[in-house]
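Hi,

Here is the structure I promised to pass on. Have a look at it first, and my notes follow below.

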Amino acid sequence: MPGRMAQWGNDLYTGKRSYNIVGTKNRWFALGGAVVLAAVVLLTTVGLNLGIAFRGGSEFTVPGVADVAEQPALDAVAQIEGADPPRVSVVGSDSIRVQTSRLTDDETDELANLLADAYGVDKDQVGSSFIGATWGKDVTSKAMRGLVIFLVLVAAVLTVYFRDWRMAVSGIVALLHDVAITVGVYAAVGWEVTPATMIGFLTILGYSLYDTVVVFDKVRENVAKVLDQKRYTFGELANLAVNQTLVRSLNTSVVAVLPVASILFIGAFLLGAGTLRDIALALFVGILVGTFSSVFLATPLLVWLREREPHIREHNALVTKARAAVVTEDGAEEQVRVRVGALVPGEHQGNRAQPRRKNSSRPAGRKS
Amino acid sequence: MRPLVTLALLVIGLVAALVAGERWSDASLTPQLALDLEGGTEVILRPVATTGEDVTDAAIAQAIDIIRQRVDASGVAEAEITSQGGSNIVVGLPGTPSEETLRLVKESAQLVFRPVLVVANPEPYDPTAVADPTVPTDDAAVGDGATDEGATGTEDGAGTADQVSKAATGEGDGGSGDSGSGDSATPANPSDLSWLTADLTTQLNELDCTDPANLVGGASRVGDPNAGFVTCAVDGTAKYALGPVEITGDLVSSASSGLRVTAQGAITNERVVNLEFNSEGTRIFADTTERLLSLEAPRNQFAIVLDGLVISAPQVNSVIPDGGAEISGNFTTAAANTLARQLNFGSLPLTFEVQSEEQISATLGDEQLQRGLLAGLIGLILVGLYSLGQYRALGFVTIASLVVAGALAFLTITVLSWVQGYRLSLPGVAGLIVAIGITADSFIVYFERIKDELREGRPLAAAVDAGWSRAKRTILASDAVSLLAAVVLYFLAVGGVRGFAFTLGLTTVIDLIIVFLFTHPVMLLLSRRRFFAEGHRFSGLDPSLLGARSRYVGRGKVREPEPAAGAPQPVAAGVGDWMTIAERKAAQRAAAGEHAQAEGKDA
């Protein structure tokens, strides 16, 4: 398999084998756009199931407990319909504290009874109150402010590094696509969004840009001298870059997804709801979507933006003309299909290929 | 192999620091865990109603915000702060927080500036001893900015102002005429002695600043901002009668602590807190200093009052137009830092009383952490297997790099949790596991570049060099983006997001260290080994597998062109038969020739 993979990599590198990703860009734009649209619709209709860290909730304190096990509290809360899985902790040496989503008065009474039974204390001793959000609006607003400033800065940095603002725009569009879909999946699945999930979303943000920058670096290298030659168009060279980094993109996403998948598997199937599952789902979806967008969205979008520039359009026309010229010379009418690939060094043709001396002083007739 | 030595020294240094720290300080050999994994201390604060103000939700929210910023500024401990029952504030701090951290949470830090009317010895009674200007507490002086050793322009200004101020103090009797004006007169300005009502004079006489009970600042001692005020110096060496509040702490735009710099630019040993006012504060402060400058001692002093106690009462030597002030006192380094931190984030809108302070257990069991680590281990093994499959022997380089990266991450986190108060939460653990992927990506980019170079027909040593110079650029660019995200979020966000940013920055830096100091040097070493240089089948760098053929076959001969090399067969894959223009022409010519031949036969 590695042999075949290496062969596949070679073919992609030399252009012997090539996937026309840039040429079919409308298909990918439609696909990405549709999924993002679905995610946005889900987010606005179904919405996210924000956990108690964001909305606040109800808190119960059971004092004077003989056995400070957590399980009875988990079981008690599970009996209340609609209550989120609780956070249970031991306060001091003999008090149990249970935090769950905000309950109605009736439910509060019911849960207080259940907890009192579960821990064998008097019902009146179970205290209850409302708690505010630990991840309040100020945390979110500050994070958002940080993100906006980060995006502005990163756009500036990418523009300077690639000397092209269109790369920055394409990278950020791909990033928004990834984050929108990842968040959308949470709305679809309906899992509780916890601070851990938020951290997962943020990680995806970083990963998506990172992934795109690696592909763009190859694009930049390939198209650096695009205007100095008439062999290939901008789009073809960019497509070649995507193909040449395809093995890397594939390997990277597999390597990144393997640990995440193992967390997701262990988190979801062995532990049930919890921090690990929350963060792993976000990462799992995000890494897959991020790889998709860096291959199928970012570069095609860049090509689309660049091809709106007059000098790139002129260059494209020039390349087409040069190809057409070759065809007319030979009298063939069918369209020339050009192999876009890294220039493979030629073979040594032997002495015969050397230019012949045109010195008349040499005896004529020695033609070969 | 200097990079490898550097890396080894780095690791040895970290280990040595840890072991030494464990032996002689309070470091431990494992990272400290955050609230969710280890539990900690929970402080419940109940707001104390001061001057009849209602406890509004907005005030609670603001208080939470300020407490969070203060705690964040002291490290990356990821405190959990929330309101309870609408009015209480619950602060969860991981582990056993230090006294200093608890103070950050509890103290309100109400800072005001009031003009000094009278300074007296700390003992009670003795009305005749009022207004002794030689009380030895405040030899601190306020210079112009008093800190900028670099700004020569400012220094010049300060110098001249100093001389002027001496002359002004010499005259000194401009204000003394006011001292006779009785209680009935409306005070002309905050330094007017008519603020000192009979009532206040009695209070001043009775106040005992040698009694430790009077030296505890707090909400109840802040006093009416629009009236005269009597209080003690925080160290109990003097008592003061002060005018109404002129500047409040919310006009301070930033505060920092440092060593005091004299007007000559010499650095002294004294700890001070430097304040910068915002534009409004600067204007008021300029007016105040201008007015005080013309008054006689002690009324040319202003008192800096924190939570109702005078922490410093410097004399005004010059007008300060640029809004820079310096608070001096007998600060320890820690106290100066704490004060600067409190002032930086503003004073709490409310004052609080600690209702309870209790230990709480972790909200996530040991099970979560263990399973998380197990998942990480499984992930690492899978990554190792995949790399071996993809890169053969090179996979071992990946695995070794990841192991070194893991060890480095563990050491750094342990050292940081000792030095910086960093604490590892479960999302942090997950972040580290994800970092495996991002770190491994650097190797993948590097290896793929080397392969590309091999495909171009370069021998391995040259391919490693060329591949590295190209991969380096990509790795640096992509890591710079991650680092930028980490830095921006670390400085702008709060709470859990800040913890995330820290982990991201840390793993990115470790990634760079590993690629530059480990993976690349190891590749350089390996590229000289025959196993790799000759492209063994299992080296992962077999040129023939990569479709590269060296054209030089030795003994001055080059490979003869293969028959098929001229016109490669079109590959039917992906998008179809692609040929270069030259190939196309050749094929057409061949076709045309055949056609002609066929025609010739026909004829």
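The stretch 169-189 of chain A is 100% helix and 0% strand, with its end C-alpha atoms 30 Å apart. Helices here (H or I, at least four residues) and strands (E, at least two) are DSSP runs, numbered from the N terminus. Before you go further: this is a predicted model, so local features need pLDDT of at least 70 and side-chain atom pairs count only at pLDDT 80 or more, while totals for chains, interfaces and linings use all residues. Residues are numbered from 1 along each chain as its sequence is written, and chains are lettered from A and ligands numbered from 1 in the order in which they are written.

That stretch is one of those that an unreviewed UniProt entry annotates as "transmembrane region" in chain A; the others are 28-54, 143-162, 195-216, 254-273 and 279-305. The positions follow the numbering used here, feature names are shortened, and such annotations may be inferred rather than shown by experiment. Residues 28-54 of chain A come out at 78% helix and 7% strand, with 36 Å between the end C-alpha atoms.

Chain A as a whole has 12 helices and 6 strands. Of its 368 residues, 49% count as buried (20 or more other C-beta atoms within 10 Å of a residue's own; 12 or fewer is exposed, in between is partly exposed, and C-beta atoms are placed from the backbone). Among chain A contacts with a separation of 6 or more, 76% join residues 24 or more positions apart; a contact means C-beta atoms, placed from the backbone, within 7 Å.

Leu302(A) counts as buried because it has 30 C-beta neighbours inside 10 Å. Beyond its neighbours within four places in sequence, Leu302(A) touches Arg166(A), Met167(A), Ser170(A), Val219(A) and Ala238(A). Its C-alpha atom is 9.9 Å from that of Asp164(A), 138 residues away along the chain.

Also in chain A, helices H4 (residues 71-78) and H5 (residues 105-119) have axes that come within 9 Å and cross at roughly 150 degrees. Axes are lines fitted to C-alpha atoms, for helices over the stretch in contact, and angles run from 0 to 180 degrees between N-to-C directions. H4(A) and H5(A) are therefore roughly antiparallel (over 145 degrees; under 35 is roughly parallel, 65 to 115 roughly perpendicular, the rest oblique). The residues in contact include Pro72(A) and Ala73(A) of H4(A), and Leu111(A) and Leu114(A) of H5(A).

Now chain B. Strands E9, E10 and E14 make an open sheet in that order, with antiparallel pairing (two strands pair if DSSP finds at least two bridges between them). E9 (252-261) and E14 (324-328) are the edge strands, each pairing on one side only. The twist averages 30 degrees from one strand to the next. E9(B) is joined to E10 (residues 267-277) by 8 bridges, and Ser257(B) has Val273(B) as its bridge partner in E10(B). Helix H8 (residues 333-344) of chain B lies across E9 and E10, at about 165 degrees to E9(B).

Elsewhere in chain B, E6 (residues 229-232) and E7 (residues 239-242) pair antiparallel over 4 bridges. They form a hairpin with 6 residues between them, and Gly236(B) in the turn has a positive phi of about 75 degrees. Phe229(B) sits opposite Leu242(B) in E7(B). Both faces of E6(B) are covered: Phe229(B) and Thr231(B) on one side, and Val230(B) and Cys232(B) on the other, are all buried.

Cheers

Definitions and conventions. Contact = placed C-beta atoms within 7 Å.
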